[in-house]
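Hello,

Here is the structure I promised to pass on. My notes on it follow below.

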Amino acid sequence: MAGYTNSKPEWVPEGESAGFTTSVMSGIEGIKDTTVGNLNPGLATGKVGATRRKILTVDDYVKGVIEGNRGILSRAITLIESNNPAHFSKAQRVLQALLPYTGKALRIGITGVPGAGKSTTIEAFGNMLCDLGHRVAVLAVDPTSSVTGGSILGDKTRMGTFSRRQEAFIRPSPAGGTLGGVARKSRETMLMCEAAGYDIILIETVGVGQSETTVRSMVDFFMLIVLTGAGDDLQGIKKGIMELADAIVINKADGDNLLKAKVARGEYERMIEYIRPATEGWATHAYLASAIKNTGLKELWEVIRAFEKVTKESGVFKQRRDSQLLDWMHSMIDEHLHALFFNDNVVLGRMPEIRQAVLDGIISPTQAVTELITMFDINKAISRQSDVLHPSLSRVQEVLVNNP
């Protein structure tokens, strides 16, 4: 390498001037400055690990999040998203310490048909809220792969002005995994953001299908963003999604499209009449907006504030929050029991045989479930007693697995 810089390739002309387009630069060995430019300073001393990030304690995480340190908030969310059992335990201790600082933000869910302009709307709406003095966090719920399903990772690059604001925080969705697992992480991420002082949380659905229901179970206000041309678009919108919405926002209502948007608004208003309101005591309506022209967004914010006022006065706001917490707890119990059952060694040992028996018509699915549950219960009872009775009980477990 050192000798390379003293030779001149044959394609370099003799007596080239300083303005010659291509030149040969010295390699890293020719650098005498021990700072090594923008490279890891540890390379100069041979101590590469010298710049490794500090391992944060639970107290470090809690203090950093409460102070609004975005770097530590990001690391705390990464801790939550980790599937490492040790990280899970630490993340829960951090979250437990931060719970007193949560619950004060207004949670807004946003979904929409493909191409409706969710990202553009979120950026324009977020910028407006920041201008009004709010701190805004944007999260996503995506049960699909971040590669095949499309995710907010792309939105982060599209939200150019919003993502650079100090009052804003954009967090990509956990990639992959089951919807239940992603939903838990998204809920806990939301709580982290609230503890960090973000008073408005925008949660976007990125996946399709059940993710809308999941986001509805996490937020106070849920809006559906649609396009103009309601005659065709209504065919592509499931009635179930319409029933979840507290507001329907017809985007791109500007220029030559404005007249179509007004027609679409009438179509949606007529459809809403036949759908049960998403929130008790609140009438869902359709609204016009243009994220590009920044029209209709202030009016939409006034609608959301009116919703907050009405539901808090009636008690519906708190009832929904309480119901969401209990539903969250129950869903996590279901997930835990599901994992516990299908990871049980006795169930794993007998499952292939019982499945085949069901397929062969030897036993009914109901009988199969009864037998598996019974074996699971017996195995757990033995496990609880094995430490206090006799080690030979472990042999009973082996018999249960190997002998029908």
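Asp131, Arg165 and Glu167 are linked in a network of salt bridges (a side-chain nitrogen of Lys or Arg within 4 Å of a carboxyl oxygen of Asp or Glu). This is a predicted model: local features need pLDDT of at least 70, side-chain atom pairs count only at pLDDT 80 or more, and totals for chains, interfaces and linings use all residues. Residues are numbered from 1 along each chain as its sequence is written, and side-chain values use heavy atoms, leaving out hydrogens and water.

Asp131 and Arg165 have their closest N and O atoms 2.9 Å apart. Asp131 lies in helix α5 (118-131) and Arg165 in the loop between α7 (160-163) and β3, so the pair ties together parts 34 residues apart in sequence. Helices here are DSSP runs of H or I, at least four residues, and strands are runs of E, at least two, numbered from the N terminus. Glu167 meets Arg165 at 3.4 Å, N to O.

Arg165 is buried at 19% relative accessible area. Asp131 is exposed at 58%. Glu167 is partly exposed at 26%. The cut-offs: buried is under 20%, exposed over 50%, partly exposed in between (1.4 Å probe, protein chains only).

The whole structure has 15 salt bridges. Another one joins Lys380 and Asp344, at 3.6 Å between the closest N and O atoms. Lys380 lies in helix α16 (365-386) and Asp344 in the loop between α14 (316-342) and α15 (345-359), so this pair ties together parts 36 residues apart in sequence.

Best wishes
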